[in-house]
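User: Could you walk me through this structure, one question at a time?

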Amino acid sequence: MITKDEVEHVGWLARIEIDDAEAEDYAVKLSSVLDYFGQLDEVDTDGVEPTYHVADIMNVFREDVVTPSLDQKDVLTNTAEEKDGYIKAPRII
Amino acid sequence: MVYENPDGVMVGLEVHVQLNNLNTKMFCGCSTQYHDAEPNTHVCPVCMGLPGALPVINKRAVESAIKIGMALNCEVVEQTQFHRKNYYYPDLPKGFQTTQYDFPIVGNGKVVIEGEDGEHVVRITRAHMEEDPGKLIHMGSIEKSKGTLIDYNRSGMALIEIVSEPDMRSPKEARRYLDKLRNILDYLDVFNGDLEGSMRVDANVSVMGGQRAEVKNISSHKGAERAILYEIMRQKNLLRRGGEVVMETRHFDEARGVTISMRTKEGEHDYRYFPEPDLVPMRVSDWAPAIREELPELPDAKRARLISEYDITEMHAKALTSDIRVADFYEVVAAAIDPRVAGTWVADVLKGELNYRDLSVDSFTTDDIIEIIKLVGEDKVTEQSAVDVIRTILDNGGTPMEVVTEKGLLKVKGDVVTEAVSETIAENEAAVQDYLGGAEKSLNFLVGQVMKKTKGRADARQARELLVEALKD
């Protein structure tokens, strides 16, 4: 069972504000998601190699060759505020 | 002598090395040459974490990581992969850092440093690959900041994080370890250590009776020594007053020379590491033999070879190999003239003059030093004049012969000195009598007079010998 405190903590990690009513609601919903996944724990995996990646391939690399970057104005398209080519964010401590 | 380590100091270092010699970043083809560029001009959808962007691993970065691991006597792991380290901070627009977690590419190594009591082994826990975050610039002071400016040019640069065991017992040993690491990395030619931010350090520091604090934001070797020294004092004082040293992250304020608690609310499990689904695992241990073939001679091996091949002193060999450029420079000089004489001139004289001026050995040519040493060997200039020539070339440029001619440094012939000695004796009867009467000091005065007459071009030792000889009768 996920507690309200845990929901608030996860919210803080993602920098999302969650009010009391929402936290209670999410605690119930997230718990049911976890319970659902909990069913996977019932499968016997003794002697099965862990899966690190779903695609059964290895060693995909690229050569160290430069490709063009984006134009600065394109980089800044989605930012709310900019200054002298920088992306401007609110004060961060 | 065994170092007692009375306070039980334990220091472990995490060193981030930026592979700025690569052409491209860790996971995309953006150029690494951003150091003098406008902000946000060396970024692409991968750097920005735009939806649908797909990272692909830079093969040469992986080769560099293996190379570094080998130089640090590490083992290369059988299978390795990337993880996501989740945290929400604008230095990475994706909301996570792509890094390695439980399968770092190399581990179990060691580095030998000059410790408090002779050779000291620092064990290397691991070295792993990760991406550099972007650069944040706070507008105004942190307290009154009006906002933060972000430049993602650095974001996605390949980093190798080298993690040591807490084997260093003093700030000095930490400094020595960093110097040694830099030395080895220079030999490997995997990065340019002169570029800003190419080597960044976090230090884990503890003393007996307390937990460890992690000090972040250390940007120089000297800074590391100061930060660790401060942190040891802070912890000792805290314990002496009956306080408790808690596990925490602290920030090194370079300007004030202090560490400040960062009161982070995030713990290790909050990073929710999980395998990076956009990158497939790697099996690269079979690259090791070919990379080992290409591994250059490393500092310790070079030092031993210089001693046996050129018959120079341990001290000179150490001084020469502490910078690969100086070692290479020396070998060129040693091929042209007596290697032992070359050792003295390069390791003692030239290196000293370069350090004094904060210059690299690239500021001098091997041809010039060979010519200067030859002038001394052929008895054409005095040793003192030769040092003067080196200094003049470093400060004002010019060739050795130009400086020698301009300053009139060619040694005067013996008969001129003999003449100056006779004149000096004739003109300084009082001093001569004093000397003959047993006042040794008067001889120095007479030597000075000879030097004055020859405008310093006489060899002082020769002048002294001639004076003593002349005054015997």
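This is a predicted model: local features need pLDDT of at least 70, side-chain atom pairs count only at pLDDT 80 or more; totals for chains, interfaces and linings use all residues.

User: In β2(B), which residue is the bridge partner of R62(A)?

Analyst: Residues are numbered from 1 along each chain as its sequence is written, while chains are lettered from A and ligands numbered from 1 in the order in which they are written. Strands are DSSP runs of E with at least two residues, and helices are runs of H or I with at least four, numbered from the N terminus. In β2(B), R62(A) has as its bridge partner N58(B).

User: In which sense do β1(A) and β2 of chain B pair?

Analyst: Two strands pair if DSSP finds at least two bridges between them. Here β1(A) and β2 (residues 57-58) of chain B have two bridges, and the sense is parallel.

User: Which element gives the most to the side of chain A that touches chain B?

Analyst: Residues are in contact if their C-beta atoms, placed from the backbone, lie within 7 Å. On that basis, 33 residues of chain A are in contact with 39 residues of chain B. Elements giving two or more residues to chain A's side include α1 (4-13) and β3 (86-89). With four residues, the one that gives the most is β3(A).

User: At roughly what angle do the axes of α14 and α15 of chain B cross?

Analyst: Axes are lines fitted to C-alpha atoms, for helices over the stretch in contact, and angles run from 0 to 180 degrees between N-to-C directions. The axes of α14 (residues 429-436) and α15 (residues 441-453) of chain B come within 8 Å, and they cross at roughly 145 degrees.

Definitions and conventions
Two residues are in contact if their C-beta atoms, placed from the backbone, lie within 7 Å.
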